[in-house]
Amino acid sequence: MQRAFHLLRRRLISSIPVLLIVIVGTFLLLEAAPGDAVDAYVLSIGGGDPALVQSLRASYGLDQSLGARLWLYLTSLARLDLGWSVTFGRPILDVILERLPNTIWLMGSALALSFGLGSILGIVAGARPGSMSDRVLSVGSLALYAVPSFWLGLVLSIVFAVQLRWLPTSGIETIASGKQGFERALDIARHLILPVGALGFIYLALFLRMMRAGMAQAWRQDFALAQRAKGLSRRRIVLRHIARNALLPLVTMLGLQAASMLGGSVVIESVFAIPGFGRLAQEAVAGRDAPLLIGIIIVSALLVILVNLLVDIAYALLDPRVGASGATT
Amino acid sequence: MASTAMPSLLMAQEAANGGRLIVASDSEPRNLNPAIVASNGVFFISSKVIEPLAEASFEGENGLEPRLAISWEGSDDGLSATFKLREGVTWHDGTPFTSADVAFSALEVWKPLQNLGRLVFENLEAVETPDDHTAIFKFSKPTPFQLIRNALPVVSSVVARHVFEGEADIAASPANNRLVGTGPFKFTEHRPGEYYRLERNEDYWAEGLPKVDEIIFRVLPDRAAAAGALEADEIQLAAFSQVPLTDLERISKVEGIKVYSKGYEGLTYQLAVDVNHRRKELADRKVRQAIAHAIDKDFVVKTIFLGYAAPSTGIIPKNAPEFYTADVPTYDFDLDKANALLDEAGYAKDANGIRFKLRLLPAPYFTETRQFGDYLRQALSSVGIDATVVNNDSAAHQKAVYTDHDFDLAVAPTVYRNDPAISTTILVKSGTPAGVPFSNQGGYVNPRIDQLIEKANETMDVAERTELFKEFQRLVAEDLPLINVAEWGFITVARDDVRNVSNNPRWAVSNWADIALTP
């Protein structure tokens, strides 16, 4: 446990310079995009006169120079204050915390689905490379991987929500239902099935193929040959030795995919009307709300660091060599 | 003129009471106070909570029916306007509604803060309140009552004085997002990214209204999702064309779903080509006329709007019968004429058949404005003008067109709001500084048009003022500072158990007191 904290602290400290670069970079990138938050706002209200535009710009401090605004932002950030969102008219931390649970549920479930089901199917496919089940799974997963997530989302929604009406079309829970506790959790789970499916199935293919490839490679190694010569059952070889060896790169992949899934959730959150990070980021860009976007990036970065830490711990559990040498730190 | 007609909503179709209506909403306005932000996105939700002095009506005198005011009259000199207010109205928190609320709204909110009120109430000096149910607006300069009257549905949302009084900065008040009004529904809850919930106001001033217990505006940013949720009966209504035009053909055949194209007559959007007059070629009237001749308006209406629009003849839409005139120069689709005009103007085709090049910036706000951008590029190339389409997002478009003037042609969806002086004359009047969206940012200057606009602002006689705006249409159509192509309203799609849909010209942004669900 202590080691985990030590690891976490080191990770956080070492990520500060990267975060700083990302923060300044994001600030400048949004600055380079034409139009500012007031332009976006005035358009959204259907126009206004010049004095109104002027006073809005002054009230948000957008009339100050770029350097002054960046400095102001960085100093308030140093006090752990994420600032005020122009787009939402509320403190950024509030806006982010409100959306965070939805994103964690969506991402966590999708990662669990793609990793869990992907590795199991990968084992099935890799147990007998070249068999019928291997071929069907390989082709199937490739086809799934080629499908864009918004399309899969819409198709799932049309079939299961609109036609069959088994599941709700969108949202994170039944609106104003007054459900509490377990009943509410069940309701949220029902709402998550389709978006998690749409997001998870695409990454599933990735894990499946990696697992299969890793196993095919492990089969060719000497230890596999030795075990077969020793007369161990095929099931035992596959599960205890081959799969365990092939699982290691998958765990690494899990850490990497957590970041890319945050990006993939933009589309899924829009299609299924889930108020999460992806949609928030999109709204921040459209509204030219740099502090909000940076706030999202910082929290996302923390999330990814956390996932990677968990991955490291899992790694040590799976591969005793890693833990012994301390290679992960 | 006084108007004491019975609100037509009392005579609306009788239907069973109760039930929850779930409506699709594609945006969550940052400031939900319609007295400050007079925009359709805000009205869509807030108009059920906060009411104007008068609302638009199909049958009412001068196209209005009473809400918080029961009659209105302007003085002949244009220096005052008297409103008789409804009695027995209370705010949602129980406080009685009085003329002090109207005076406060007008002087502290509409005039200094509201995007449209700043213009309409520019010369408002004081509001006298001789008794609790009379408000007399006093103007420092004569102000045409026709304009005030026509603007009422849009600019006169009344907020409670006791809620905002004493606020240092009303525009930034948290009360702007926790609305207290007099309307048929009370603002109950907003879950950001999910929904707004409005509950029935038991003490509403109109007998027997509202009909439904609850209205929920569910946030659905994806248009395809709105159609799906409607089919699955998770929502009962989608307004403002939230179900895309291309889906209408299919969804109109789904059992239990109805498509309405009425109910937007008072919020007509106009598809126009904005012209940058700083560009030498475009400053030539013949070139602008040639471009007008190169556009096949009927094709645009049929193909891009799938028939849910009408071709325009000028800067005021047909849906404004008070002012509209068809007696203006028109520009038929005629490529020969267009080519001849361009030749006459001295821009001959070069070896590649190109006369000159320009940049075309379609507004990104609607699918239709983007599609029309692509069409216009083709239409221009057929007369030898080589246009490059530049696509931007909203903020970038606003900066490029309305602040930096970095465009040659732009496609704009302008809105006609009941009176040309509200948001139409600004499109061609000279002198608006840079940075103002939906204004004359093409740098067009025409002293005759400027004078006409000025004169209309000073004309108190209704018939005379109306005639001036007819002349204004003729001048604009003749000189073409901008090219109006089509005008459209939106489409409402609803389950067929929803009653009293589309029964006034600003239906989607009206109070929905009579909307009902049949079991």
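**Domains, sheet and chain contacts in the predicted model**

In chain B, the centres of domain 2 and domain 3, taken over C-alpha atoms, are separated by 34 Å. The model is a predicted one, and chain B is divided in it into domain 1 (14-29 + 183-265 + 491-517), domain 2 (51-172) and domain 3 (268-488). Where domains 2 and 3 of chain B touch, 13 residues of domain 2 are in contact with 11 residues of domain 3. On the domain 2 side, the most comes from helix α4 of chain B (residues 145-155), which gives six residues. That side of domain 2 of chain B is made up of eight nonpolar, three polar and two charged residues.

Next comes the sheet of chain B. Six strands form an open sheet with mixed pairing, in the order β14-β18-β13-β17-β15-β16 of chain B. The edges are taken by β14 (310-311) and β16 (385-389) of chain B; each has a single partner strand, so one side of each is left without a neighbour in the sheet. For β14(B), two bridges make the link to β18 (residues 482-488) of chain B, and the two strands run antiparallel. Pro311(B) has Ala486(B) in β18(B) as its bridge partner. Helix α9 of chain B (residues 297-304) packs on the sheet here, touching both β14 and β18 of chain B, and its direction makes about 40° with that of β18(B). Another helix, α11 of chain B (residues 367-381), lies across β13 (268-275), β15 (356-362), β16 and β17 (409-416) of chain B. This helix, α11(B), runs at about 155° to β16(B).

Two backbone details in chain B are worth a look. Leu306(B) sits in the loop between α9 and β14 of chain B, and its phi is near 45°, a positive value in a residue other than glycine. Leu306(B) counts as partly exposed because it has 15 C-beta neighbours inside 10 Å. The other detail is a cis peptide bond between Leu209(B) and Pro210(B), with omega at about -5°. Pro210(B) is found in the loop that runs between β9 (195-200) and β10 (214-219) of chain B.

Turning to how the chains meet, the contact takes 43 residues from chain A and 40 residues from chain B. On the chain A side, the elements giving two or more residues are α2 (37-44), α3 (50-59), α5 (92-127), α7 (149-163), α10 and α11 of chain A. By class, the side of chain A that touches chain B holds 23 nonpolar, 12 polar and eight charged residues. Sorted by class, the residues of the α2(A) contact with α12(B) are three nonpolar, two polar and two charged.

Within chain A, helices α10 (residues 234-271) and α11 (residues 277-286) pack at an angle of about 90°, with axes 7 Å apart. At that angle, α10(A) and α11(A) are roughly perpendicular to each other. From α10(A), the residues involved are Leu262(A), Ser265(A), Val266(A), Glu269(A) and Ser270(A), which meet Phe277(A), Gly278(A), Arg279(A), Ala281(A) and Gln282(A) in α11(A). The contact of α10(A) with α11(A) comes out as four nonpolar, four polar and two charged residues.

Arg288(A) lies past that helix pair, in the loop between α11 and α12 of chain A. Its phi is near 55°, a positive value in a residue other than glycine. Arg288(A) is also buried, since 27 other C-beta atoms lie within 10 Å. In helix α12 of chain A (residues 290-318) lies Ala314(A), which counts as partly exposed with 16 C-beta neighbours inside 10 Å. Ala314(A) and Val251(A) are 63 residues apart in sequence, yet their C-alpha atoms are 7.7 Å apart in space. Helix α9 of chain A (residues 222-230), finally, is hardly covered: of its nine residues, the count that are buried is zero. Just after α9(A) comes Gly231(A), with a positive phi of about 90°.

Conventions:
Residues numbered from 1 in each chain as written. Chains lettered and ligands numbered in written order. Predicted model: local features only at pLDDT ≥ 70, side-chain atom pairs only at ≥ 80, totals over all residues. Axes fitted to C-alpha atoms, helices over the stretch in contact; angles between N-to-C directions. Helix = DSSP H or I, 4+ residues; strand = E, 2+ residues; numbered from the N terminus. Parallel < 35°, antiparallel > 145°, perpendicular 65-115°, else oblique. Contact = placed C-beta atoms within 7 Å. Nonpolar A, V, L, I, M, F, W, Y, C, P; charged D, E, K, R; others polar. Pairing = 2+ DSSP bridges. Domains from an automatic or database assignment. Buried ≥ 20, exposed ≤ 12 C-beta atoms within 10 Å, placed from the backbone.
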